[in-house]
Amino acid sequence: MAHFLDDTSTSKDMISHRYSGISKEDLTNAVDNLLSSNGYGLIEGTPGNATYEKGNRVMRILLGAFSKYFKFKVMVEELSDGEVGLKVIRATSGMSGGVIGMNQVTSEMVTLSTQLKQL
């Protein structure tokens, strides 16, 4: 059963979703598992309020768009009426990969948003 309700705000820099019928802890675990299965590692904070990274920043600088690098800040919060909110904020612009790198980060945001709607 999908718990996703709606996008409260989505842009190229941030995803904001609402969920119902799931606890904050369960959503936090589901998001952490999803990101881990997609190759992201938690680099700062704790699940539910953390920064996740995928790829190598140095290689991105050296090889540009040929090396993928993504970094996102994830926050899970309880809302009113038993709903839970999720925000994913882009923490890297992708500029070190040029225009292609910036498009890669935007595309990754779209992919994550689609996957998070399935929770």
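Phe4 is partly exposed, its relative accessible area being 23%, where buried means under 20% relative accessible area, exposed means over 50% and partly exposed is in between, with a 1.4 Å probe and protein chains only. The structure is a predicted model, in which local features need pLDDT of at least 70, side-chain atom pairs count only at pLDDT 80 or more, and totals for chains, interfaces and linings use all residues. Residues are numbered from 1 along each chain as its sequence is written, and side-chain values use heavy atoms, with hydrogens and water left out.

**Aromatic pairs**

A search of the whole structure finds two aromatic pairs; rings of Phe, Tyr and Trp (its six-membered ring) pair if their centres lie within 6.5 Å, with planes under 30 degrees apart counted as stacked, over 60 as edge-to-face and the rest as tilted. Phe4 and Tyr19 form an edge-to-face pair, with 5.9 Å from centre to centre and 75° between the planes. This pair links distant parts of the chain, Phe4 being in strand β1 (residues 4-10) and Tyr19 in strand β2 (residues 14-19), 15 residues apart; helices (H or I, at least four residues) and strands (E, at least two) are DSSP runs, numbered from the N terminus. Tyr19 is buried, with a relative accessible area of 0%.

The ring centres of Tyr40 and Phe72 are 6.0 Å apart and their planes stand at 55°, so this pair is tilted. Because Tyr40 lies in the loop between α1 (24-37) and β3 (41-46) and Phe72 in strand β5 (residues 69-78), the pair ties together parts that are 32 residues apart in sequence. Tyr40 counts as buried at 4% relative accessibility, and Phe72 counts as buried at 2%.

**Salt bridges**

The count comes to four salt bridges, a salt bridge being a side-chain nitrogen of Lys or Arg within 4 Å of a carboxyl oxygen of Asp or Glu. The table gives some of them.

| Salt bridge | N to O distance |
|---|---|
| Asp7 and Lys117 | 3.3 Å |
| Arg90 and Asp13 | 2.8 Å |
| Arg18 and Glu83 | 2.5 Å |

Arg18 lies in strand β2 and Glu83 in the loop between β5 and β6, so their pair ties together parts that are 65 residues apart in sequence. Arg18 is partly exposed, with a relative accessible area of 22%, whereas Glu83 counts as buried at 17% relative accessibility. Salt bridges that share partners join Asp6, Arg18 and Glu83 into one network.
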